[in-house]
Amino acid sequence: MSIGNLKIGDYLAIGAIFSATDSVCTLQVLNQDDTPLLYSLVFGEGVVNDATAVVLFKAIQSFDLPHINTTIALQFVGNFLYLFISSTLLGVLAGLLSAYIIKKLYFGRHSTDREVALMILMAYLSYMLAEFFYLSAILTVFFCGIVMSHYTWHNVTESSRVTTKHAFATLSFVAEIFIFLYVGMDALDIEKWRVVSDSPGKSVGVSAILLGLILVGRAAFVFPLSSISNLTKKAPCDKIDFKQQVTIWWAGLMRGAVSMALAYNQFTSLGHTQLRGNAMMITSTITVVLFSTVVFGLMTKPLIRILLPSPKNRMLSSEPSTPKSLTVPLLTNGHDLEAYESDRNLITRPTSLRMFLSTPSNTVHYYWRKFDNAFMRPVFGGRGFVPFVPGSPIEQNDQQWQ
């Protein structure tokens, strides 16, 4: 289409740019009580996908791809694995360090202010270390958060747990607002639109082709991998039916701020470019992100209602609707919900995550739980391995006086 002088590295970077999905809209519509397996799949893909796209993007940028050969290809794969594994290990180590410090050292113990500050600073430390060692900071922070939620969060007082939960939720909400503001401001980047203003039809054509490739590429692996997964499952309730496959396919069609950020990183120098091909890719990325977010986002709720209608009489959960408060056994399709409720005699039930932790459903998790309980939790703490303290010493003194 004669859009400019793009190289093989640019084309591979475009693939990494548009592999970063934004499944937040679908997660807002899906009901985790009705379809916990589907919710787990969409949520798990959404949180890992962005990090993987960034790691792949960095690996592409670090190689001379126009002169690629077998050696360079092996180095490329090795560099990708190095970034992924190293970032993961760094995040795990930072999370374990925070858990050990809060559990063993007296500094900050049973003081809500110090405990919350320590958790936030340790999480930020993992990000800074990843940037210092040229690793993937988003992947490091992600795994640091997993470890901190498994160990560190249970080592602090009850008041610190409530504070950190709401503090991080507030920071996340504010960050999302700023992200959407930046996306809207980038959409009005006059410099890029002026470069491609003489050929608006070509810009629309490139955007349409990219959007079509996203639709086809998404379907090319969702449906085959779902079919392969169903072949390994014996129970019908564990299989992913066609309607749920369509929902997973649709959840990954929307693109967000990560795609925009990677596009600016690849095709601009400090946010500026006068090259026609680079400007064309920036404006096309903006068009795809806005179109998928607005159009696909508006169509998500009616589509989910058609594909997955909610039952009229559904038991309400005793906990807020969060990814950690699934109220039926984790990673099941929910077809056995009525039988499960009758077995529990409609008593207020613990969350499925808690049941999953106490009664492992597969061999790998069973042996991990044995190792975790025998070696990890006695050292780093966690649920059931630290004494329960409702609040800070000041709060305890107040309660004694009362």
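The exercises below, each with a worked solution, concern a predicted model.

Residues are numbered from 1 along each chain as its sequence is written. Because the model is predicted, local features need pLDDT of at least 70 and side-chain atom pairs count only at pLDDT 80 or more, while totals for chains, interfaces and linings use all residues, and side-chain values use heavy atoms, with hydrogens and water left out.

**Exercise 1. Annotated spans**

Task: Find which residues the UniProt annotation "transmembrane region" covers, and describe the secondary structure over residues 205-225 and residues 246-267.

Solution: According to the unreviewed UniProt entry, the annotation covers residues 80-102, 122-147, 167-185, 205-225, 246-267 and 279-299; the positions follow the numbering used here, feature names are shortened, and such annotations may be inferred rather than shown by experiment. Next, residues 205-225 are 100% helix and 0% strand, with end C-alpha atoms 30 Å apart. Residues 246-267, by comparison, are 77% helix and 0% strand, and their end C-alpha atoms lie 33 Å apart. Helices here are DSSP runs (H or I, at least four residues), as are strands (E, at least two), and both are numbered from the N terminus.

**Exercise 2. The surroundings of Ser126**

Task: Decide whether Ser126 is buried or exposed, and list the residues that Ser126 touches.

Solution: Start with the location, which is helix α5 (residues 112-132). Ser126 has a relative accessible area of 0% and is therefore buried, where buried means under 20%, exposed over 50% and partly exposed in between (1.4 Å probe, protein chains only). Leaving aside residues up to four places away in sequence, Ser126 touches Leu90, Ala94, Thr140, Val141 and Cys144, a contact being heavy atoms within 4.5 Å.

**Exercise 3. Salt bridges**

Task: State how many salt bridges there are, and locate the partners of the bridge between Glu45 and Arg218.

Solution: Side chains of opposite charge can pair when their charged atoms come close. With a salt bridge taken as a side-chain nitrogen of Lys or Arg within 4 Å of a carboxyl oxygen of Asp or Glu, the count comes to four. In one of them, the closest N and O atoms of Glu45 and Arg218 are 2.5 Å apart. Since Glu45 lies in helix α3 (residues 36-61) and Arg218 in helix α9 (residues 200-231), this pair ties together parts that are 173 residues apart in sequence. Arg218 is buried, at 4% relative accessibility.

A further bridge joins Glu158 and Arg161 (3.5 Å, N to O), which stand three residues apart in helix α7 (residues 158-187), about one helical turn. Glu158 is partly exposed at 30%, whereas Arg161 is buried at 15%.

Finally, Arg369 and Asp372 meet at 3.4 Å, N to O, with Arg369 buried at 8% and Asp372 buried at 0%. Salt bridges that share partners join Arg369, Asp372 and Arg377 into one network.

**Exercise 4. Aromatic pairs**

Task: Give the number of aromatic pairs, and classify the pair formed by Tyr39 and Phe43.

Solution: Rings of Phe, Tyr and Trp (its six-membered ring) pair if their centres lie within 6.5 Å, and planes under 30 degrees apart count as stacked, over 60 as edge-to-face and the rest as tilted. By this rule there are 14 aromatic pairs. Tyr39 and Phe43 are 6.4 Å apart centre to centre with 15° between the planes, and so the pair is stacked. The two residues are four places apart in helix α3, about one helical turn; Tyr39 is buried at 8%, while Phe43 is partly exposed at 31%. Elsewhere, Trp249, Trp250, Phe291 and Phe296 form one aromatic cluster.
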